[in-house]
Amino acid sequence: MIDHSTIQKVLDATDIVDVVKEFVTLHKTGVNYKGLCPFHNEKTPSFVVSPAKQICKCYGCGKGGNALHFVMEMEQLTYPEAIKWLGKKYGIEIREKEMTDKDRQAQTERESLFILNEWARNYFEKNLHESADGLAIGLAYFRQRGLRDDIIRKFHLGYSLVDRNAIAQAAIAKGFNPELLIKTGLCFKTEDNKLLDRYHGRVIYPVHSVSGKVVAFGGRILTQNKNVGKYVNSPESEIYSKSHELYGLYEAKRAIVQENSCFLVEGYMDVISMHQSGVENVVSSSGTSLTEGQIRLLHRFTNNITVLYDGDNAGIHASLRGIDMLLSEGLNIKVLLLPEGEDPDSFAQKYGASKFQEYIKENQVDFIRFKTDLLMKDSDNDPIQRANFISDIISSISLIPEGVIRQMYSRECAQMMQVSEEMILSEVAKIRRGVTTQTYQKDERQRKQELQEQEKQRKEGLQIESHNKVAQMERLLIRDIIRYGEQLLFEAEGVQYTVTSYICDDLKNDGLKLQNKLYQYILSEAELHVSDENWRSLPFFLKNPKGSISMLAAELSTDKNELCTNNRVQYGDDTDHLANRIPQLLNDYKMALIEAELETARQELAEIYKSGDLPKVLEYMRKIKELDELHRAIGEATQRIITLK
C-alpha cells in the first residue's frame, strides 16, 4: 500500500499538460490546450486541458478528471498503479507499506500480467547479452542485420533460449504463477500438462503500449524450418489487443509530434532500422491489416501519415482498404513506393537520415493520386475493369470528411481517368447520402432504445439522479463548496462566514445532512479544513487521494457541466453573487426536501384512506398541512432573497 505523503508528493509534482501530451497532440488555445479526445472517436477536437486547474475534460463524451484519472482511464490502471506510473515519470520514489496476505490477494491479475511481461523482457534481454547462445546466435543475428548496440538496447531486443521450458522454470523460480505464463502467452500447456516456451530459439521483439508498458512479444526463428512460422506473436490477452497497438509508437511518439507526421511500415525491423538511420517518427502495424483502433491511436498524435511500400510488394492492392480507413478518419495520406528490391529496413541501412528524408520528400505522393494511377495502369484498357476501378476510386473519395478536399480530388481524378467531374461528384454525393442515412438510422435506433429504457425506469419508480431535484440541489451545493469553499461570504457581529461555514451552520441549525454520502463526506472535509491557513478548496479536492472525490472535483470544477440550462442560469457558477446565491440555494434545497416529503406523505395518505383508518388519515392530513405551511414560509424567504439581487 502507498502511504498518503507519497501520493501527495506525486500529485504535487504532476503537470496535467505534460502527462496528456504523452498520449494526445495538444495545441494551445488561449489559456488552455485542446486536442482530439483519446476516449472516443472524433474528427473535431473537443478535449480540453486546463493547466491552471490541472484538469482535462472532453465536451463530446464527458470523460475527464485530473492527471491521475486520465492515466487510470488511458492505461486501464488501478489507483495505486496510476500513482506508480506518475511516480516513475517524475522520478519520485514510491514508498509502500508492507503488504499483508490480504493485500497480496487483492492485487489485480492485470497488474500481475504487466509485472510478468516486464520481467520476461528483462529475462530475454539478459539472455541476448549474457548467455552463450544469445551472444553467438541472437546478438550475432542483429549485428549481421546491421544494428548498432545502442539501438538493440533502445528497443530491448532479446533472445529466447532453445531449451523448451527455460523461461517457465526461471519464472516459477521467481515466484510467478504458472497460470499467468499461459495468460500472457509466454508459455503454452501441452496435453500432458507440460509448460513450454512459445518463443524458444527465437530473437525477441518486445511490444510496448503507448505509455511504455510491455504488453506482448514477437519472436523470429533463425533456422530454416518450413514447418514452423517465421514469426510467432503473443496471443490476445487481458493486457494485449493487437488491434489497439502499434509497434514502435512508444519510441516514436515524441518525434511524431515534433515532425507532425508519421511513417507507417510493415515489420519490426523496418521500424528499428529507420530509427537507426535517424528517422524516428515511424510505427508498424506488425504485418497485420490496419484497424480502427490503431488508426485512432495514430490520429491522437498527427493528421499526416505516409505509408511506405516495398518496391516489389505484391500486397499493395490488399492494403488499400486499410488506407481507405485512414481517409475516413480525416487523415492526410501519402504513399512512398521504395525502389524495386528495397524495403524500409534495407533502404534505411543503405542511406542515412538526410538521403532518406530527401528521397521521401521527392517521391511520396498523395494517396488518391497513387491509387488512381495504380488502378488505371492495371486496367489494361479493359472497359469493364476500368469501370470497376473508377467506382473503387470514387468510393475512396467519398470517405474524405472535408467537402472541399473531396471536390479537389474529384476534379483531379476526373482528368486522370478521363471522365466527367460532375459524374464523380454525383456518385460521391450518392454514396455519402447512403452513409449519412445509415448513421441517422443507427442513431435513431440508439435514441429509441434509450427512451424505452428511461420509460422502463420511470414505470418501475426509479429516479435518475440528474432528474431528481433534491440530488440536483445537493450537487449545486457541493459544486460551490468545491469551487469557493474558503471564500468569505459575509461578516456578521464580528464573525466571518465562508461559503463552507455558512452552508454547514445553516444545515445543522435545521438538523439536516446531505442525502448523498459522498457529498456529505466532502462537506465534512471542507468544514474540518476551512479554518486551516492558506487552505484552498478546489486544489484540496482535486488532489484528494480518494479517487471518487478527486474525480467529482474535476467534473464540477469545469465551467460547463451536466446541469440543466435553467439551473446554470438561476444559480450561476461564478463569485459575483455568492452572498445571495448560497442562501437561495439552501432554501431551494429545503423546499425540494419538503416537496419530496409531501409527495411521499400524499401517496401514503391515499393508501391509508383506502384502509379506512380514520385516526391515521387525520394524522397524515395534519402532517401534510404542516409541510405545506413550512414550504410556503421557505418560499417567501427565498423570494425575499431573490428581491435583494
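**A close look at Asp345**

Tutor: Set aside the neighbours within four places in sequence, and Asp345 is in contact with Arg145, Met269, Asp270 and Ser273. Contact means heavy atoms within 4.5 Å. The model is predicted, so local features need pLDDT of at least 70 and side-chain atom pairs count only at pLDDT 80 or more, while totals for chains, interfaces and linings use all residues. Residues are numbered from 1 along each chain as its sequence is written, and side-chain values use heavy atoms, with hydrogens and water left out.

Where does Asp345 sit? Its place is in helix 15, residues 344–350. Helices (H or I, at least four residues) and strands (E, at least two) are DSSP runs, numbered from the N terminus. Is Asp345 buried or exposed? Asp345 has a relative accessible area of 5%, so it counts as buried. Buried means under 20% relative accessible area, exposed means over 50%, and partly exposed lies in between, with a 1.4 Å probe and protein chains only.

One of the contacts is also polar. The side chains of Asp345 and Ser273 are joined by a polar contact of 2.3 Å. That term means a pair of N or O atoms within 3.5 Å; within protein, one must be able to donate a hydrogen and the other to accept it, and residues adjacent in sequence count only if both atoms are side-chain atoms.

Now step back to the whole protein. It has 28 helices and 18 strands. Of its 645 residues, 47% are buried. Take the contacts with a separation of 6 or more: 65% of them are between residues 24 or more positions apart. The accessible surface comes to about 33300 Å², and carbon and sulfur atoms hold 49% of it. Such areas come from the Shrake-Rupley method with a 1.4 Å probe; for residues, only the protein chains shown count as cover.

Helix 19 covers residues 403–417. At 1.5 Å a residue, its 15 residues should span 21 Å, and its end C-alpha atoms are 21 Å apart, so the two agree. The expected span is 1.5 Å times one less than the number of residues. Which residues of helix 19 are buried? They are Arg406, Tyr409, Ser410, Cys413, Ala414 and Met417. Seen down the axis, these buried residues fall within an arc of 140°, so they line one face of helix 19. The arc is that of the directions from the helix axis to the C-beta atoms. Turned away from that buried side is a face with the exposed residues Val404 and Gln415.

Helix 6 runs over residues 109–130. Its 22 residues should span 32 Å at 1.5 Å a residue; the end C-alpha atoms are 31 Å apart, which agrees. Helix 6 is mostly covered, with 16 of its 22 residues buried.

Now the loops. Most residues other than glycine have a negative phi. Gln418 has 70% relative accessibility, so it counts as exposed. Asn260 also has a positive phi, near 55°. Asn260 lies in the loop between helix 11 (249–259) and strand 12 (262–265). At 40% relative accessibility, Asn260 counts as partly exposed.

Val530 is in another loop, between helix 23 (517–529) and helix 24 (537–542). Val530 counts as buried, at 19% relative accessibility. Not counting residues up to four places away in sequence, Val530 touches Gly485, Glu486, Thr498, Thr500 and Trp535. Thr498 is 32 residues from Val530 along the chain, yet their C-alpha atoms are separated by 8.1 Å.

Last, a region named in a record. UniProt, in an unreviewed entry, places "zinc finger region: CHC2-type" at residues 37–61. Its positions are given in the numbering used here, feature names are shortened, and annotations may be inferred rather than shown by experiment. In the model, the end C-alpha atoms of residues 37–61 lie 8 Å apart, and the span is 0% helix and 32% strand. Lys57 lies in strand 4, residues 55–58. Lys57 is buried, with a relative accessible area of 12%. Lys34 is 23 residues from Lys57 along the chain, and their C-alpha atoms are separated by 9.8 Å.
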